[in-house]
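Please look over the sequence and the model shown here.

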Amino acid sequence: LAIILVLASTGTASADVLKLFAEAGAGGVYGKATGGDTVIKDSAFFAKAPHLGYGALIGAEFLFLDACIQHRQLTDGSRIATWTQFGLGVHLTIDTGDDKQQKAHEGGFFELGLGGWFGLGTGQQVMPPLDNAQISDKAFLVEGRVGAGKHLSNLFDLGVTVPVSWGYFFKNGNGAAANDVSTHYRGIQGEALVFLRANLRLL
């Protein structure tokens, strides 16, 4: 709340009613298990996955509520894992710059978000069509993110975002059962991403 008040004192909250957006991003990813059986913690998805990531996010936003689908390819140059998640949340964009820049969507911006996600991970590149046998981990997550950037135009934004999430994970495959708590673990993970976003403002 304090961060929102400070930012609000230097800028204006975005007033878009309805928009669609898509973004491409790349950066670093890191995570570790915070709870669960030792064997399962040692195989936590984000601890074992490569730590360079790239991918895309698409979504729709109504006022401050958004719904998103995000996909990441995680690589170290020799292998690839994937993480895909589906989420709902709240998102606040605070524009900076003078009135003319803000009206033309040409100034800078800060953004804050909070949401809940359901995610699916694979320990290797997906071989379409994706089936349950390829999924190594599933999770319910709570995520917060902060970001900043510049409106390049009314259509495009360029920026940096740092999402951090905590999740309750379930190992999948190899005889793992969802009701077997020995295959469950908790984890925290974060990213630092550079993104290019396209916005289609409908209202």
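Predicted model: local features only at pLDDT ≥ 70, side-chain atom pairs only at ≥ 80, totals over all residues.

Residues are numbered from 1 along each chain as its sequence is written, and side-chain values use heavy atoms, with hydrogens and water left out.

**Strand pairing**

Helices (H or I, at least four residues) and strands (E, at least two) are DSSP runs, numbered from the N terminus. Two strands pair if DSSP finds at least two bridges between them.

| Strands | Sense | Bridges |
|---|---|---|
| S6 (residues 108-122) and S7 | antiparallel | 14 bridges |
| S7 and S8 (residues 156-171) | antiparallel | 15 bridges |
| S8 and S9 (residues 184-201) | antiparallel | 13 bridges |

S7 and S8 form a hairpin, with 4 residues between them. Gly116 has Val142 in S7 as its bridge partner. Val142 in turn has Trp166 in S8 as its bridge partner. Tyr168 stands opposite Arg186 in S9.

**Nonpolar core**

A nonpolar core is a set of buried Ala, Val, Leu, Ile, Met, Phe, Trp, Tyr and Cys residues joined through side-chain atoms within 4.5 Å. Buried means under 20% relative accessible area, exposed over 50%, and partly exposed in between (1.4 Å probe, protein chains only). In soluble globular proteins, nonpolar side chains tend to be buried together.

The largest nonpolar core here has 18 residues. Phe45, Phe46, Leu74, Trp83, Leu141, Phe169 and Tyr185 have the most contacts inside it. At least two core residues come from each of strand S2 (18-36), helix H3 (45-48), strand S4 (65-75), strand S5 (80-95) and strand S7 (137-151). S2 gives the most, with 3 residues.

Contact means heavy atoms within 4.5 Å. Not counting residues up to four places away in sequence, Phe169 touches a list of residues that includes Phe46, Trp83, Leu141 and Tyr185. Lys138, Thr183, His184, Arg186 and Gln189 are also among them.

His151 lies in strand S7. His151 counts as buried because its relative accessibility is 4%. Its side chain makes a polar contact with the side chain of Asp157 at 2.7 Å. His151 also stands opposite Asp157 in S8. Leaving aside neighbours within four places in sequence, the contacts of His151 include Asp95, His105, Glu106, Phe109 and Phe156.

Arg72 is found in strand S4. Arg72 counts as buried too, at 4% relative accessibility. Its side chain makes a polar contact with the side chain of Glu191 at 3.1 Å. Beyond neighbours within four places in sequence, Arg72 is in contact with residues including Tyr54, Thr82, Trp83 and Leu193.

**An exposed leucine**

Is Leu88 buried or exposed? Leu88 is exposed, because its relative accessible area is 62%. Leu88 is found in strand S5. Leaving aside neighbours within four places in sequence, Leu88 is in contact with Asp66, Ala67, Gly115 and Gly116. The C-alpha atoms of Leu88 and Asp157 are separated by 21 Å, with the two residues 69 residues apart along the chain.

Note on methods:
Polar contact = N/O pair within 3.5 Å; in protein donor to acceptor, adjacent residues only side chain to side chain.
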